[in-house]
Structure formats: structure tokens, C-alpha cells
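Please read each point with the structure open beside it.

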2 protein chains.
Amino acid sequence: MDMHPQRWGDPALAKPLPDAIRGLVDMAIGTADTPAVEIAPLPQTGLPADLLDSLRGVLGDDAVAVDDQTRRLRTRGKSTLDLLRARAGDLSDVPDAVVRPRAHDEAAAVLAWAVAHHVAVVPFGGGTSVVGGLVARRQGYAGVVSLDLLRMDQLLAVDKISMIATFQPGVRGPDAEALLAVHGLTLGHYPQSFEFASIGGFAATRSSGQSSCGNGRFDEIVVGLRVATPIGELRLGSAPANAAGPDLREAVLGSEGAFGVITEVTLRVRPAADVKAYEAWVFPSFTAGAEAMRKLVQRELRPTVLRLSDEAETFVNLAGQTNIGAEQVSGCLMVVGYEGTAALGRRRMITEALSELGGRPLGEQRGQEWAAGRFAAPYLRDAMLDVGVLVETLETATFWSNRDRVYQAVKAALAGTLGERTLVLCHISHVYETGCALYFTVATREAADPVGQWLVAKAKASDAMLDCGATITHHHAVGVDHKPWLAREVGPVGVAMLRGLKSALDPTGILNPGVLIP
Amino acid sequence: MDMHPQRWGDPALAKPLPDAIRGLVDMAIGTADTPAVEIAPLPQTGLPADLLDSLRGVLGDDAVAVDDQTRRLRTRGKSTLDLLRARAGDLSDVPDAVVRPRAHDEAAAVLAWAVAHHVAVVPFGGGTSVVGGLVARRQGYAGVVSLDLLRMDQLLAVDKISMIATFQPGVRGPDAEALLAVHGLTLGHYPQSFEFASIGGFAATRSSGQSSCGNGRFDEIVVGLRVATPIGELRLGSAPANAAGPDLREAVLGSEGAFGVITEVTLRVRPAADVKAYEAWVFPSFTAGAEAMRKLVQRELRPTVLRLSDEAETFVNLAGQTNIGAEQVSGCLMVVGYEGTAALGRRRMITEALSELGGRPLGEQRGQEWAAGRFAAPYLRDAMLDVGVLVETLETATFWSNRDRVYQAVKAALAGTLGERTLVLCHISHVYETGCALYFTVATREAADPVGQWLVAKAKASDAMLDCGATITHHHAVGVDHKPWLAREVGPVGVAMLRGLKSALDPTGILNPGVLIP
């Protein structure tokens with residue numbers, strides 16, 4: 001299913017803001033109906049006919065598209081900036097053609113064609129980037145081609161002894177789960193983008209999902225990779241782990257299409273989680289809840305899902321709730337989820353620990369409500385944009401001792417830049433023994449130039465992260481948007497390493513130019 | 001404490017082969033007293049006096065040594081090949097000088113000096129490499145300097161909230177534990193080389209320890225790195241994990257001194273393991289025991305230590321035992337260890353699972369015996385060499401479904417090459433949800449040319465690993481010895497990545513030339 005070109009997700013699921021929520025948003029931020037968005041006309045393909053013919057010659061006519069709708073749907077990703085630009089009719093980043101390989105060799109053939117003709121190639125999976133990862137530099141190239149991977153949608157191998165499975169990169173989250181379910185298996189990787197994002201995209205961006213507490217980050221479950229690069233084929237993953245030099249898999253993970261096209265991914269799988277339970281807890285404060293999370297994982301007690309909203313996010317979430325009869329709660333809500341037998345085997349010890357650490361159990365109803373709506377938030381963003389409220393998210397990670405400093409600094413940077421009529425909400429949804437991720441949601445009154453408004457606020461928040469020693473991104477990746485901060489984060493020697501890999505693998509620079517590499 | 005230049009470990013702990021063991025070895029392999037080894041004279045330093053003077057000018061006189069004993073002790077590592085060459089009086093790999101920085105800036109200054117004068121630099125920690133990681137190419141350089149890191153022996157920072165600690169690289173295993181014990185903390189990293197190897201070496205070689213089942217590989221506990229490179233300083237580790245591009249830490253881990261000198265390592269630490277328990281189990285066969293290991297970790301039930309000997313290793317270990325009264329055992333011995341409260345909290349469930357999976361508990365005595373002798377094996381190798389028995393180890397890792405194939409192929413390659421009077425023993429000591437490491441010990445009658453004899457056998461065993469799709473090394477690293485097989489394992493594109501990083505970080509190639517990079 002294609003997403004709407006100017007909105008998130010399934011067009012059939014788009015809804016206006018419910019009246020009750022709109023009333024609250026109106027009080028806190030103010031709303032105003034915005035004019036209906038026109039579908040802007042698209043520039044013609046800039047690729048000369050002979051180049052298009054030669055590309056069709058490589059992969060066949062039906063694998064190459066230049067029609068408006070196909071190209072429109074592969075223009076940028078789904079950040080709020082992307083949506084604002086699309087709503088404003090700015091389609092300047094549209095690719096000149098979309099090419100759809102079915103297998104590794106076809107992807108490799110496209111790269112050879114692109115090298116020969118110096119055409120920029122943007123690997124495209126689910127199209128859910130929120131960091132400008134699909135916006136290649138056009139200058140200096142004969143054109144820009146979107147390399148759509150969704151035809152590479154096969155589960156290639158399952159090894160139930162080793163509990164590994166090999167996928168083509170274009171398998172979307174739900175399809176991966178359906179393919180594994182036949183074998184009684186699951187991946188258990190549920191990022192917000194789950195319904196649309198692809199296996200290859202998860203790998204290329206170091207995705208982390210809502211079940212990361214128990215199931216790990218996506219990069220932790222990758223055991224093997226096959227990659228088409230301009231200099232040839234790369235196969236990695238001779239063992240779960242080894243000491244055969246630097247782990248080159250870790251150089252491909254997070255490479256965002258700039259080093260090569262991931263054409264196969266071998267992943268650790270788990271027994272299907274036939275039993276699942278989600279429950280809510282309340283803690284007196286964000287700090288008290290965060291401390292409980294820290295101690296829990298440092299005691300090696302991990303549920304599958306572990307999330308904690310700060311006071312503001314807890315208030316907003318409960319205000320938007322419709323179950324009037326439910327107990328009123330003050331403090332901070334935590335969601336604790338158990339997916340599968342192994343996780344449920346730890347439930348008793350985790351429950352005892354959370355109680356001892358100051359939590360009060362609220363039962364399963366609120367937990368199940370969270371699970372039922374776990375992929376819904378991006379639809380709400382569109383409904384908010386429709387009433388003139390700019391909503392965006394950003395995220396970072398740091399060590400536990402630095403958590404409060406980063407939290408305060410990023411909140412202050414956002415509130416200070418965006419001024420009154422701004423809500424800044426935060427939750428912790430990924431935890432490690434040594435630290436955690438902080439995920440911020442911002443809602444503010446749209447200014448006359450919302451793109452400019454957000455760029456300033458985002459820059460201040462990003463500066464605050466780096467000034468505190470935190471990372472520019474825990475799981476959204478770099479794209480174009482985070483590039484200046486990546487350069488600060490890894491320093492000039494780190495940048496030299498990235499450039500060294502880039503020029504080794506992509507000497508003519510055709511792969512996603514302008515993305516990732518500072 | 002310095003190790004003996006021609007043997008493993010503390011010279012005071014060297015002992016001849018006990019009579020009982022010698023009797024057994026004599027039956028199985030044959031023994032012959034070998035002549036006492038002479039300490040061969042050392043070639044003079046090849047570095048011109050003006051270069052030595054300029055190096056002394058950089059770091060001070062007392063940081064630079066050219067005397068025989070200091071240079072002799074930094075000649076090669078501790079593989080059996082290294083010992084055989086040293087016993088034969090071959091000191092051709094001796095460094096021209098040993099330089100000992102105290103801090104990052106001094107290490108960086110040595111690199112600047114080495115670049116200016118095109119001198120090869122070999123970073124040297126505990127000197128326990130078993131893969132030729134300390135044998136730099138001499139041709140084309142003004143000389144070879146051993147960069148001894150053992151003066152960089154400080155614990156720089158402890159953060160008990162985040163449970164992380166920052167070390168200088170020259171801290172040896174026991175000293176790291178003593179420094180952490182003051183804070184009630186432990187690292188819990190116990191490779192065979194623990195008593196001599198250093199924090200920097202663990203990081204540079206992707207070490208894995210005997211407690212890896214519960215505590216992870218060394219690369220998994222590294223959260224931050226500071227590195228001196230010829231192009232400047234690199235600092236990595238802004239968060240436990242992130243999506244800020246490829247994880248560059250993973251390019252430094254395993255880089256074996258070829259990309260830079262690791263000058264600080266920030267590590268995840270744990271609460272001191274005040275309580276420890278080790279127990280033995282017996283399984284009917286190696287396959288039955290391996291299957292039990294697999295199912296245990298796939299159910300997410302991890303003790304701290306989990307080891308399984310094959311039939312041959314079980315027989316030899318029990319034959320060498322002195323507790324005559326103990327129950328006779330046939331089958332395969334497993335050692336299961338619990339270090340610390342969190343691991344002991346899982347003991348009941350693990351015990352139930354192991355029983356259900358076909359294991360029979362033998363109690364704690366044999367487990368405690370294993371723990372008491374956990375670092376002793378290398379001393380036995382010297383005693384065996386003294387009676388003309390060549391002993392060496394090699395190791396690999398693969399996915400569970402490939403375990404038996406790799407096991408049979410490597411055993412056959414070794415036995416087939418070395419012929420009669422050869423023992424090949426194997427154990428599994430590192431497990432993952434998706435696979436495991438296989439560790440082989442070989443003992444054979446020394447031929448007239450033992451170096452050549454071993455090179456042929458090792459090549460056949462290495463070919464067998466690669467032919468089966470396994471890795472050339474799970475935790476011994478690459479050095480010079482594994483370089484041809486690394487090239488096969490990662491292929492030409494992987495080699496291009498390594499070379500790309502090498503030329504970005506060390507453009508004049510002064511760092512450990514000839515090591516790691518094919």
C-alpha cells in the first residue's frame with residue numbers, strides 16, 4: 001500500500017482531530033483550520049531519453065517508472081519538514097525515475113548503470129525517513145533515480161536450529177511478521193514506522209523498536225548482510241560474533257544507502273510471542289520512574305517493552321483518554337510489556353522489583369490501550385497540521401548520570417525557541433544498563449514560515465544535545481538534517497573514517513549523495 | 001611482572017610436567033626431553049642515534065629503552081609459533097626500541113615522531129597475542145618501535161549511576177579488577193590471558209572471556225573509546241547506542257593497532273560478584289550437551305560461565321585429575337558458573353532446564369576445580385614443549401545448525417595433517433542465541449621442523465573453517481597469522497573497507513604494518 005504523498009500512512013485511516021482533543025489543543029496552543037492542500041504539479045523527469053532507455057535495457061521496461069504518481073510517492077520521507085514542504089507544493093526533490101529491482105543482481109546492475117552515467121541513486125524502502133535520508137544532492141549528477149526495493153519482498157531462508165532468517169530488504173514490518181508466523185517465529189521489531197518501513201531500512205538506519213528492552217535494537221539482531229556496492233558484492237556474517245578484525249557489519253548498519261544497497265539481511269528470530277501482556281504503572285515523578293528503569297535493567301531484569309512518560313506527556317495522554325471511569329492518576333505513567341514466554345517468565349521478579357522501586361501497578365487496561373494504539377501517533381500529527389499546529393518529534397540518548405541534564409537542556413532549548421503556546425512532552429522508551437534514550441514530542445502554533453520556525457528550534461535542541469555530550473540521534477539516523485551535528489559528534493577523525501569508507505565503496509559518489517557523510 | 005621471553009606467564013610458576021600426566025602423554029603421543037633453551041644474543045638496535053635522540057627528546061630519556069632485556073620481552077607474542085621461534089633463538093622480530101608513554105598526548109607525540117621519520121610502531125599491551133599481532137613488517141621503515149602502554153595504568157573515572165568506568169589501556173586484567181573492587185564493582189572479563197593481557201589489548205582484539213555467557217564479549221561492554229591516530233584524536237561513545245551513522249567504535253574494536261593507539265576505554269561495569277558458584281554437569285554426548293546449551297540460551301536463560309568439553313577433552317581432563325575418590329564419568333562435562341547476584345537469581349530456572357535437557361548434575365567440586373585452574377593451561381603448554389610435545393589452540397565460531405559440520409571438518413583437517421600420535425580436543429565456551437564458538441586444543445609429537453609442521457596443520461584447519469562458512473577467529477584476532485583467511489572471509493569489498501579505513505587514519509602506514517589489513 002502506498003502512503004499519501006503529503007501525509008503519514010494509509011489514506012483510509014486519516015481522520016480529523018476528534019472534537020475533545022481539539023478543544024484541549026485549542027486551549028493549550030490554539031488551532032485554526034488550514035486551507036485544503038492542493039496536489040502540486042510535478043516537474044518532468046530530467047533524465048534524457050537515451051539514459052532512460054539504457055536503464056530500461058538493464059532491468060526491463062516494467063522495472064522503470066517515470067510517471068507522476070510513482071515519482072511523487074518517492075519524494076522525500078515523512079518528517080514534519082517533509083510534510084510541510086509537500087503541503088506547500090514544494091516538489092523540488094522529486095526523483096527523475098523510479099527503478100525497481102527484484103534481486104541482488106538487478107540492484108547491482110542499476111549501480112553499474114548509475115556509475116557509468118553518473119546518476120545519483122537513492123535506495124528507497126518504506127519511505128519513512130524523518131531525517132531527510134531520501135533527499136539526495138542533485139547538483140553534479142545526470143539525474144536522480146529512486147531505487148525502490150519493495151519488489152525484493154521475499155523471505156529467503158529460515159534456520160530454526162540457529163533461529164535466524166534471511167530476508168530481502170523490501171519486506172515491510174507486518175509482512176516480515178506474517179512470513180515468520182508461518183514458521184512459528186517472530187522478529188519482534190516494532191518501531192513507530194513498523195507498518196510501512198522495511199527490513200533494509202531498519203538495517204540502514206539502525207532502527208530501534210518499542211520492544212527494544214527485551215528484543216534489542218535492530219542492529220543487535222542483524223547477524224548477516226549482503227550488499228551491492230559500486231565496487232562489487234559484500235557478504236558479511238560468518239558467525240554470531242567474531243574477532244576477525246573490525247566488525248564490518250557495523251559499518252553497513254547505519255550507512256543509509258551511502259555505502260551500498262543492502263540486498264539481504266539475516267536476522268536473529270524468536271519463538272512467536274503467543275502470549276503477550278501489557279500493564280501500566282505509575283511513579284511519583286519522571287526522575288523516580290527513570291531511576292526505577294535504571295535499577296531494573298542494571299539488575300538484569302528486562303521486560304519486552306519498558307516506557308515512561310514525563311509529567312507533561314502523562315497529563316496529555318490521560319487528558320486525551322476516553323475511559324471516563326478510569327482512576328485519575330498523577331505522576332508519571334510507565335508501560336511494561338511482556339511478549340512471549342521467556343519475557344513472561346521474568347514477570348514476577350520484575351513486578352516485585354518495580355513495586356520495591358516505588359511503582360504502583362495500575363493493571364492491564366491502560367497497558368493494552370497503549371499496545372492497541374502503538375502505531376497511531378503519526379496520523380494524529382497530520383490532523384494537528386490540518387488545524388495549524390506544528391507537531392514533530394526528536395530524540396537522543398545518553399548515559400544515566402547525564403539523563404536529567406540532557407532532558408532539561410533540550411526542553412529549555414525547545415520552549416525557549418518556540419515561545420508560548422508550545423508543549424514539550426518526553427518519554428524514555430529505550431533503556432540500556434548504562435543509559436537511555438529520551439524521545440521528545442513538540443507541539444506549537446504554526447508560524448507564517450513553519451519550516452523556518454522548526455529549523456531554528458531543531459538546531460537549538462540539537463546544539464543542546466551535543467553541548468551536554470549526548471548523541472544527535474538514538475534511532476532516527478542522520479540523513480541530511482543531522483549531518484552538521486554528526487560531524488561534531490564524531491569529530492574530524494570520525495568524519496575521515498566515514499569518508500574513507502565512502503570513497504572505498506563508492507568512489508564516484510553516486511550513492512545517496514549529500515546524505516549521512518559530512 | 002614481565003613474562004619469561006620464551007615461555008608463558010610468571011617464571012616462578014613454571015613447572016615440569018607432573019609424572020602422572022607425563023605417563024599419559026607418553027602413552028598417547030610420546031615424549032622426549034628437549035635440550036635446555038639458550039637465551040640467544042640480540043641484534044643491536046637498528047635505529048640511528050639521531051632518531052633515538054629525537055625520540056628521547058619527545059618523551060624524555062626514561063621513556064625510551066634500547067637495552068636487550070626490554071626489547072627481548074617485547075618480541076612477538078605467545079603463540080606456540082612464537083615460543084618455538086624464541087626457543088630456537090630466532091629473535092629477528094625484535095623491536096629497535098621500546099617507548100613508554102604515560103598519557104594520550106604522549107602516545108600521540110610518539111605517532112607524530114614516527115610519521116615524521118617513517119618508523120613502524122607496534123602498540124604493545126600485555127604481549128599475549130597468539131596470532132602474530134606484534135610482528136610488524138620492517139622492510140621500508142627506518143625502524144620498528146614497540147609502543148609499550150603499561151605505564152598508562154590508571155582508572156580515570158567511575159560513574160556508579162551509569163555503571164561505567166574509564167581506564168587507560170595499559171591496565172592488566174587483575175589490576176582492573178582491583179581498581180574496581182575499591183568501588184564495589186567488577187568488569188567480569190576473564191579470558192585465558194587475563195593475568196597478563198591489558199584493557200587496550202582486549203579492545204583492540206575483540207577479546208572474549210570465560211564469563212562471556214553472562215557478561216558478554218569485551219566489544220559488547222565497551223561504550224567509549226579515545227584513540228590517538230596519525231591524523232589526530234578520535235573520541236567515540238556519546239551514548240550506550242545510537243543511530244548516528246555506522247558505529248565507529250566497532251571499527252576501532254578489533255583494529256589491532258593498525259588504525260590508532262587506544263588511549264582510553266570506557267566500559268560497562270557490574271556490581272562486584274561477591275557470591276560465585278561453579279558446578280559440573282554431564283551430558284551423554286557432545287551433541288547432546290551442545291543442544292542443551294543452544295536451547296538454554298534460546299530460552300534466554302544464561303549463567304555467567306557455560307562450557308562444554310567434547311568426549312576427548314572430557315576424557316583427558318578426567319585422566320589428569322587427582323581426586324581419585326571422585327565418581328567416574330563418561331560422556332561430556334559441562335561447567336556452569338554463576339558470578340554475582342543477578343546470575344544466581346537465574347540458577348533455579350537454569351538448573352531445571354539443564355535437567356530437563358538431559359544433563360546430570362555432578363555438584364560443585366569439579367566446577368570449583370575448573371575455576372581454580374581457569375588460567376593455568378598455558379603453563380602446561382610450556383611443560384609439554386619441554387618434552388617434545390607441540391601443543392597449540394585454535395578457535396572458530398559458527399551458527400548452531402553448522403556446529404557439527406565445522407567440528408568434524410576441523411578435527412579431520414588437524415588429525416589428517418598431523419597423523420598418528422595426535423590428540424585433538426574441543427570445547428564450546430562462548431554461546432549466542434544463534435551460534436557458538438568451537439575451541440580446539442591440539443597436542444602432537446614435535447617434528448624436526450615444528451614451525452613448518454604447525455603451519456601446515458593450521459592452514460588446513462583454517463581452510464576447513466572457511467570452507468564450512470565459519471569464521472577464522474572468534475576471539476584470537478587476526479594478526480599476521482590469520483590475514484589470508486580474513487581476506488577470504490570478508491572478500492575483496494571487505495578488504496577494500498579495511499584498506500579505506502587504514503589509509504584514512506594512517507596515511508603513511510606506520511601503525512603495525514603488515515598486521516590485520518590484507
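1. The same surface serves both copies, since 100% of the contact residues of chain A recur in chain B; two residues are in contact if their C-beta atoms, placed from the backbone, lie within 7 Å.

2. Basis of the note. This is a predicted model, in which local features need pLDDT of at least 70 and side-chain atom pairs count only at pLDDT 80 or more, while totals for chains, interfaces and linings use all residues. Residues are numbered from 1 along each chain as its sequence is written, and chains are lettered from A and ligands numbered from 1 in the order in which they are written.

3. The contact between the chains. Chain A and chain B each bring 73 residues to the contact. On the side of chain A that touches chain B, at least two residues each come from strand S8 (222–229), strand S9 (232–236), helix H10 (249–252), strand S16 (389–399) and helix H19 (483–505); helices (H or I, at least four residues) and strands (E, at least two) are DSSP runs, numbered from the N terminus. H19(A) gives the most to this side, with 16 residues. By type, the residues of the side of chain A that touches chain B are 36 nonpolar, 24 polar and 13 charged, with Ala, Val, Leu, Ile, Met, Phe, Trp, Tyr, Cys and Pro counted as nonpolar, Asp, Glu, Lys and Arg as charged, and the others, Gly among them, as polar.

4. Overall form of chain A. Chain A holds 19 helices and 18 strands, and its C-alpha atoms fill a box of roughly 70 × 55 × 45 Å along the principal axes. A compact globule of 518 residues would have a radius of gyration near 24 Å, and the 23 Å of chain A agrees with this; the radius is taken over C-alpha atoms, and the globule rule is 2.2 Å times the number of residues to the power 0.38. Of the 518 residues in chain A, 58% are buried, a residue being buried if 20 or more other C-beta atoms lie within 10 Å of its own, exposed if 12 or fewer, and partly exposed in between, with C-beta atoms placed from the backbone. Among contacts in chain A between residues at least 6 apart in sequence, 77% join residues at least 24 apart.

5. The nonpolar core. Which residues touch the most other members of the largest nonpolar core? They are Val121(A) and Val121(B), in a core of 308 residues; such a core is a set of buried Ala, Val, Leu, Ile, Met, Phe, Trp, Tyr and Cys residues joined through C-beta atoms within 7 Å. Leaving out residues up to four places away in sequence, Val121(A) touches Val110(A), Leu111(A), Ala114(A), Val145(A), Leu147(A), Ile510(A) and Leu511(A).

6. An open sheet in chain A. Four strands form an open sheet of mixed pairing, in the order S1-S2-S4-S3; two strands pair if DSSP finds at least two bridges between them. Strand S1 (64–65) and strand S3 (120–124) of chain A stand at the edges with a single partner strand each, so one side of each is left without a neighbour in the sheet. Strands S2 (residues 97–99) and S4 (residues 144–148) of chain A run parallel and are joined by three bridges, and Ala97(A) stands opposite Val145(A) in S4(A).

7. A buried strand in chain B. Eleven of the eleven residues of strand S18 (residues 435–445) of chain B are buried, so S18(B) is largely enclosed by the rest of the structure. Strand S16 (residues 389–399) of chain B runs antiparallel to S18(B) and is joined to it by eleven bridges, with Val391(B) partnered by Ala443(B). Strand S17 (residues 422–428) of chain B also pairs with S18(B) in the antiparallel sense, over six bridges, and the two form a hairpin with six residues between them.

8. A backbone point to check. Arg421(B), in the loop between helix H17 (403–418) and S17 of chain B, has a phi near 60°, a positive value in a residue other than glycine. Arg421(B) counts as exposed, with 12 C-beta neighbours inside 10 Å.
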